[in-house]
Amino acid sequence: MKNQFVIGVDYGTDSVRALVVNTATGEEVGTAVHYYARWKQGLYCDPASSQFRQHPLDYLEGLQNSIAGALEGVSDEVKQNIVGISVDTTGSTPVAVDQNGTPLALLPEFAENPNGMFILWKDHTANAEAEEINHLAHHWDTDFTKYVGGIYSSEWFWAKILRTLRVDESIREKAYSWVEHCDWVSAVLTGNTDPIAMRRSRCAAGHKALWHQEFEGLPSEEFLTKLDPLLGGLRDRLFSETYTSDNSMGTISKEWADKLGISDKAVIGVGAFDCHMGAVGADIQPYSLCKVIGTSTCDMLVAPNEEIGHLLIRGICGQVDGSIIPGMLGMEAGQSAFGDLYAWFQKVIVGPVRDLLGQEAADKLSAELIPYLSEKASELPVKATDIVSVDWMNGRRTPDAKHTLKGGIIGLNLGSDAVKIFKSLVEATAFGARAISDRFQQEGVPIKQVIAIGGVAKKSPFVMQTLADVLNMPIKVASSDQACALGAAICASVAAGVYPDMASAQKNMASAFDATYEPRPEVVPIYEALYQRYQGIGQYIEENI
Ligand SMILES: Nc1ncnc2c1ncn2[C@@H]1O[C@H](COP(=O)(O)OP(=O)(O)O)[C@@H](O)[C@H]1O
Ligand SMILES: O=C(CO)[C@H](O)[C@H](O)COP(=O)(O)O
C-alpha cells in the first residue's frame with residue numbers, strides 16, 4: 001500500500017505552523033512557520049484596554065505560506081498522497097461574517113475596522129458583558145454555565161458578540177452570523193463558508209458558546225433576548241449541531257488544491273482549539289493532565305463519560321463530551337498568562353534600553369534576557385521568605401474565571417534584583433498551575449500523570465523543574481516541537497478514514513516523550529509554604545484591589 005500523508009495546521013497567538021506527517025509512522029516530513037504580518041506590527045490592538053484583534057488576511061496569508069512552506073522540501077509523491085488536512089486555532093476567537101461567511105474585515109468598508117476582525121482569545125474588552133451573562137444565567141431556570149465551570153468568561157463567544165454588537169452599529173447592521181477561527185479556516189479550505197452549512201466544532205461550541213446536548217444546542221432564544229434584544233434571531237443563524245474532530249468538514253476545493261499543489265481529493269477535517277488537538281498529539285490518556293504551556297496555558301484532561309460525566313466541575317473552562325477525544329469527556333482549564341508574564345518582565349526591562357541605547361542593543365538584550373535570568377534564578381536557593389508574586393497580570397482564567405483581577409509582586413526590599421523578581425514570577429506561574437490541579441482533584445477528578453507540551457515546556461528546564469517541584473508531581477515533556485500541529489494531523493488521518501478512530505491513530509502517530517522532571521524532595525515543603533503565601537496574597541488582591 002502507498003504511504004499516505006496528512007497536514008496539521010496549528011494557528012497560535014503569534015504565528016501559524018503547518019506539519020506534513022506520514023500517517024503510518026507519525027514521521028514529520030515537512031514543516032514551516034508563518035508570523036502574522038499585521039499582528040507583528042501591533043495593528044488593531046490596544047493592550048491598555050485589553051483589545052486584541054487579528055485581521056483575516058493574516059490568517060489567509062498564513063494558511064497559504066505555512067502549508068506551501070511545509071511542502072517545499074517534500075517529494076511530488078508525498079504531495080500527491082496528502083489525504084487530509086485539519087486545522088486547530090486559538091479560541092474563543094470569533095468573527096462577524098456576512099451571509100457568505102466572509103469575515104467583515106475582508107469587505108472593503110470594514111477593512112480597517114477592528115470590530116470586523118477576529119477577536120482574539122486574550123481580548124478582555126467584554127468583561128462587563130461576561131458579568132451580565134453570569135448574572136442572568138445564575139438567575140435563570142437552566143443555568144447555562146453549568147458545563148463551563150459555572151462562570152462565563154470575557155474570553156468567550158457570547159460576551160464578545162454582545163460587546164461588539166453594542167459598540168458598533170455598522171457591524172450590527174452587516175453581521176449575519178458569527179464564526180470561530182477554527183471553523184472558518186477549515187471551511188475556507190473546502191471552498192464553502194456558508195455559516196449555516198458549515199460544520200461547527202464541538203470543542204469550540206461546547207467550551208465557549210454554551211452549546212450542550214441537554215440544552216438542545218445553544219442557550220434558548222428567550223435567554224439570549226433577555227440578555228439583550230440585540231441578540232434576537234442570531235441563534236437561528238448560528239448552529240444547533242456540532243461535530244467532533246474525527247469528522248470531515250468536506251473535501252478541499254479545487255482552488256486550494258491547485259494553490260497548494262496537492263490532490264483535490266484531500267479531506268478537510270472539522271477544526272478544534274489548539275490545546276485540544278495538542279493533547280491528542282501528546283497522546284493524552286484518561287486522567288493524564290496535559291499542560292499546553294506557552295503564552296498562556298491550557299490544562300487538558302480526558303475521562304470516560306460514565307466515570308466523570310455526572311460531576312459538574314466548578315471553576316474550569318468546561319467539560320464537553322468529545323471535545324478532545326470523541327466518546328470521552330474533555331475538560332479544559334488554564335492560565336491567561338504564563339510565558340506572557342516573562343514576556344511582560346522582559347518588556348519592562350528592555351523598553352528603556354530601546355529608548356536610551358537603541359534598537360540594536362534592545363534586540364540583543366531581548367534575545368538573551370530570559371535564558372540569562374533563568375540560569376541565574378536556578379542558582380538561587382528556595383526560601384520560604386522569598387518574594388511572592390501572583391500571576392494574574394492578564395486576569396485569572398481558572399480556577400474561577402475573573403479577568404478583572406490584577407497581578408502582584410510582594411516582599412521586595414532594596415536587595416530585590418531582576419533575577420529574584422524573575423524567579424518569583426516563574427514560581428507564580430507554577431502556583432497558578434497548582435491551583436488548577438488542586439481544583440480538579442478537589443472536584444473529584446484524579447490526576448494520574450502530568451504531561452507537557454508548548455514552547456515553554458520545550459525551552460525552559462528551569463520553569464519545568466519549578467513546576468514539578470510546586471506540583472510535587474513528575475512532568476513528562478513530549479518530544480515533538482509541534483504537538484498541536486501533530487494532533488491536528490492525527491485528527492486529519494481519522495477524518496480522512498486512514499484510521500477508524502483516534503486511539504488507533506494516536507498509537508501510530510502521537511509524540512513520544514523526551515524528558516521527565518522529577519520533584520526535588522528538599523524544596524517541595526518550602527514551595528508548599530510559599531504556595532500558602534501566594535494564596536493569602538491572592539485573596540487580598542481579590543478582596544481589595
Ligand atoms: N527560554 C524561555 N524560558 C521561558 N519562557 C520562554 C522562553 N522563551 C520564550 N518563552 C515564552 O514562551 C512564550 C511563547 O510560547 P509558544 O508556545 O512558543 O507560543 P504560543 O503560546 O503563542 O503558541 C512567550 O510567552 C515567551 O515569554
Ligand atoms: O484559550 C485557549 C484555548 O481554549 C488558548 O489559551 C488560546 O488558544 C491561546 O493559546 P496559546 O497560549 O498557545 O497562544
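The structure described here is a predicted model. For residues 6-281, the UniProt record lists the feature "domain: Carbohydrate kinase FGGY N-terminal", in an unreviewed entry. The record, again as an unreviewed entry, also places "domain: Carbohydrate kinase FGGY C-terminal" at residues 292-496.

A separate domain assignment divides the protein into domain 1 (5-272) and domain 2 (283-479 + 512-545). The C-alpha centres of domain 1 and domain 2 are 26 Å apart. Where the two meet, 18 residues of domain 1 are in contact with 23 residues of domain 2. On the domain 1 side of this contact, helix 8 (residues 202-208) gives the most, with four residues. That side of domain 1 is made up of four nonpolar, 10 polar and four charged residues.

Ligand 2 has 14 residues around it, and T13, T90, G294, T295 and S296 come nearest. Here the elements giving two or more residues are helix 11 (274-281) and strand 15 (328-335). The class count for the shell around ligand 2 is four nonpolar, eight polar and two charged. Because domain 1 and domain 2 both give residues to this shell, ligand 2 lies between them.

A closer look at the strands brings in strand 8 (residues 177-180). In a regular strand, side chains alternate between the two faces of the sheet. In strand 8, S177 and V179 point one way while W178 and E180 point the other way, and all are buried. Strand 8 runs antiparallel to strand 6 (residues 94-97), to which four bridges join it.

G91 and S92 are joined by a cis peptide bond, with omega about 5°. S92 sits in the loop between strand 5 (82-89) and strand 6. Another cis peptide bond joins T398 and P399, with omega about -10°, and P399 lies in the loop between strand 16 (388-390) and strand 17 (408-410).

Positive phi values occur in residues other than glycine as well. L210 has phi near 60° and is located in the loop between helix 8 and helix 9 (221-227). L210 counts as buried because it has 25 C-beta neighbours inside 10 Å, where the cut-off is 20 or more. D283, also not a glycine, has a positive phi of about 60°. The loop between helix 11 and strand 12 (288-293) holds D283, and with 24 other C-beta atoms within 10 Å, D283 is buried.

Notes: Residues numbered from 1 in each chain as written. Chains lettered and ligands numbered in written order. Predicted model: local features only at pLDDT ≥ 70, side-chain atom pairs only at ≥ 80, totals over all residues. Buried ≥ 20, exposed ≤ 12 C-beta atoms within 10 Å, placed from the backbone. Pairing = 2+ DSSP bridges. UniProt positions renumbered as here; feature names shortened; annotations may be inferred. Domains from an automatic or database assignment. Contact = placed C-beta atoms within 7 Å. Nonpolar A, V, L, I, M, F, W, Y, C, P; charged D, E, K, R; others polar. Near = placed C-beta within 6 Å.
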